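Hi,

Here is the structure I promised to pass on. Have a look, and my notes follow below.

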Amino acid sequence: MADGVAIDRLDMLTGNDKAANGAYALNAGVDVSLWDDSFPYLEEAVERGLVSEETLDKAVLRVLELKFARGLFEHPYLEEKPLTEYNVPKTFPQSLEIARQSAVLLKNNGVLPLKKEKKLRIAVIGPNADALYQQLGDYTPPLRDGVGVTVLDGIRNEFKNADVRYALGCTICDDDTSGIAEAEKLAEESDLVILALGGSSSRFAGAEFDTNGAAIVGTKLQMDCGEGVDTSDVRLPGAQNELANAVFESGKPVVTVLISGRPHAIPEIAEKSDAVLWSFYPGPWGGTAIAEVLSGAADPCGCLPVSVPRTTGQLPVYYNARASYDVMRYRDLENTPLYPFGFGLHYTTFKTTVKDGTPEISIAALENGKAHTVTCEVENTGSTAGHATVQLYIQGVSGTIVRRVRELKAFEKVYLQPGEKKTVELKLDCDALSIWNRKMQFAPEESKVKLYVEESGSKVWNGELKITK
């Protein structure tokens, strides 16, 4: 299947000959196309001898077979059901729970969780504080009235004893700094600042779109992320860094909340903030989830799915580089990311004890369905309940190919009350221990593999596994 109007891009080969475009695509094995102007000319393409009728028939047959397999001929229409209440947490609780569990706490000097009973003056500042569509990803439809909760609304709902006030400060991408003075004044008059920064994939801020649905990049576009929206600098866009510096100048405690679709370089913000919470496009109920995490009603339990760079010049920054590549090595910068893949803090503490099994396994055993098991006992040693995420990484240190410095092979998230213990079994099966060898076969080979167990990015154990013939 070709994506939207992709086949029409063959104009550069055919000189805008739509029949030839369709023939090229069909002969190449494309059976289905999305809203192009070329496939409607396939009849002409057959008549001109550009594609055979047999090739067209085979493509049609494959599409019909797929429809038969999906039951579309027996049941061509969706069953009519009574309308349910649209997109609310009680109907679809998964959205809110995902937002809670995916928020990643990167820094906390003790300011969090905030106490709901206190009568605080809270300033909520920033371009992502009261912007519902900036909590959503690219290609999201309009929401009905009353659907969704912004960060500002979530804070007001969660901290009912607080005096919550708001200032925009600046937009996502504009360089206009005229609103920063108001935001700085509000910060000075408050006990605490929640600074909501980041990026946006919102299609509802004056964006214009190409025929294939991708946003057209322009000076007024309030998107820094999405299809066709790339950036040459991974610092926060627009005047957001100027806004952050002004807020820090107030001297008040600052909790920075980042909402974005890409990892931004935020070394100064991370250093000056009292806490940093990253919520990657938390969805329509993200404001509720973020407020609950800030209050401690929900525990922060997300782990970074990416590595956060220190600067743009440090790119590429990723955890699983090949062992032969000295990644992130610069004379004037630390050779680590600002925050590593898999990292995430908690409001409680955990103790993880590892009981590794026999430190070797044979290829024959793996191919017969056996697996090497790393058993972990996880205990909540803190005073509040929380989720622990136990992660198992491997590093191949011998064999026939150059391996990655680390490879995440298994993980499990467990919820523990204070003092509670649970056993977690992380398994390395044939698939987890296989590699693409020199014969381009995906299979295990005789080698040694280092094992690392981490809990939310904190190293707790290392061992070694020998794979024998």
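In what order do the five strands of the open sheet lie? They run E8-E16-E15-E10-E11, with mixed pairing. (Strands, E, are DSSP runs of at least two residues and helices, H or I, of at least four, numbered from the N terminus; two strands pair if DSSP finds at least two bridges between them.)

Before the rest, some ground rules: this is a predicted model, where local features need pLDDT of at least 70, side-chain atom pairs count only at pLDDT 80 or more, and totals for chains, interfaces and linings use all residues. Residues are numbered from 1 along each chain as its sequence is written, and side-chain values use heavy atoms, leaving out hydrogens and water.

Valine 449 has leucine 465 in E16 as its bridge partner.

Then the helices. The axes of H5 (residues 93-102) and H10 (residues 286-295) come within 8 Å and cross at roughly 40°. (Axes are lines fitted to C-alpha atoms, for helices over the stretch in contact, with angles from 0 to 180 degrees between N-to-C directions.) At the contact (heavy atoms within 4.5 Å), Leu96, Ala99 and Arg100 of H5 meet Gly286, Thr288, Ala289, Glu292 and Val293 of H10.

Cheers
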